[in-house]
Amino acid sequence: MRHLLSTTDLSQTDALAILDTARELALVADRPVKKLPTLRGRTVVNLFFEDSTRTRISFEAAAKRLSADVINFSAKGSSLSKGESLKDTALTLQAMGADAVVIRHGASGAAHRLANSDWIHGAVINAGDGTHEHPTQALLDAFTMRDHLRDGQGSLDGLNVVIVGDVLHSRVARSNVWLLDTLGANVTLVAPPTLLPVGVETWPCEVSYDLDEAIVKADVVMMLRVQLERMNASFFPSAREYSRRYGLDVPRMATLPDHALVMHPGPMNRGMEIAADVADAERSVIVDQVTNGVHVRMAVLYLLLGGQEG
Ligand code: NCD
């Protein structure tokens, strides 16, 4: 594997190799000195055209823990605001010797464009392209499920995962559906009909409009952020109505099986798709997801850049 663009490119063997490597690398986080020399002298560029808190910081922490040099490039304050193209930006990064480019972009397909060009010679990692994919998020979600529900071992065979909310705009949902299917889990998407993409019936998952019915057998409930910034029309009558039907509040959470986890990729709209008390509940693993993001991104950087050299 040269790039990480989409979870549809990962076989079960590839995905498990990343998760197993992440588990090994997680041990570094428990040491007083959280650093390995593996990627010394390599340069990782974080190329972020869209806002991000968790993902950018997480890639930065991951690269630094492997001793790579990190260049953070965000659209604001760069020549992009002067109209420079993706191509010229990429050529500039190549000229500076980037070994890997982590890209987040508002256009679906931007990471593929970069990977299939001769502008960049290094590895391209998709950190979110429009409403398309966000593969490292799905991998950290799978890591978290495996860690809490499967002793950190094996596939996710037979696990029932319910993904709820704004599927239409969610690259997290797309990447998760394919990765979870590859790992053997059963996925159910729950959303109002207006927030489901065209063609969802061809995806490897079930679709439901009834959250109460879907969650009683769930091992994991993953709540998605309502992405108001991508909505140019009204997709539901009101925030209140949305929360009532598709939000996870305390009474609804009480109907989950005892062992079930609550997840959210962040950033959360507390009070909208998830109640504040649910976000902070004991079964909520939202903060673990952030921690695990660093392990998984270390594994991806290690396997793409350093793996071959031992
Ligand atoms: C998500 C994203 O940017 O796709 N966040 C993340 O990376 N943790 C989800 C979102 O923005 O709602």
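Helices here are DSSP runs of H or I with at least four residues, numbered from the N terminus. The exercises below concern a predicted model.

**Exercise 1.** Where do Glu-60 and Lys-64 lie, and how many residues apart are they?

Solution. Step 1: both residues belong to helix α2, four residues apart, which is about one turn of the helix. Step 3: buried means under 20% relative accessible area. Glu-60 has 17% and is therefore buried, whereas Lys-64, at 38%, counts as partly exposed.

**Exercise 2.** Which parts does the salt bridge between Glu-50 and Arg-230 tie together?

Solution. Step 1: the two side chains meet at 3.2 Å, N to O. Step 2: Glu-50 sits in the loop between β1 and α2, and Arg-230 in the loop between β8 and α8, so the pair ties together parts 180 residues apart in sequence. Step 3: Arg-171 joins Glu-50 and Arg-230 in a network of salt bridges.

**Exercise 3.** Asp-141 is buried; what is the nearest side chain of opposite charge, and how far away is it?

Solution. Step 1: Asp-141 is in helix α5. Step 2: the nearest side chain of opposite charge is Arg-297, 8.2 Å away. Step 3: a salt bridge needs a side-chain nitrogen of Lys or Arg within 4 Å of a carboxyl oxygen of Asp or Glu. Asp-141 has no salt bridge.

**Exercise 4.** At roughly what angle do the axes of α5 and α11 cross?

Solution. Step 1: the axes come within 8 Å and cross at roughly 115°. Step 2: the crossing is right-handed. Step 3: Asp-141 of α5 and Arg-297 of α11 are among the residues making the contact.

How values were computed
Residues are numbered from 1 along each chain as its sequence is written. This is a predicted model: local features need pLDDT of at least 70, side-chain atom pairs count only at pLDDT 80 or more; totals for chains, interfaces and linings use all residues. Side-chain values use heavy atoms; hydrogens and water are left out. Axes are lines fitted to C-alpha atoms, for helices over the stretch in contact, and angles run from 0 to 180 degrees between N-to-C directions. Helices (H or I, at least four residues) and strands (E, at least two) are DSSP runs, numbered from the N terminus. A crossing is left-handed if the near helix is turned anticlockwise from the far one by less than a right angle, and right-handed if clockwise. Contact means heavy atoms within 4.5 Å. Buried means under 20% relative accessible area, exposed over 50%, partly exposed in between (1.4 Å probe, protein chains only). Lys and Arg count as positive and Asp and Glu as negative; His and the chain ends are not counted.
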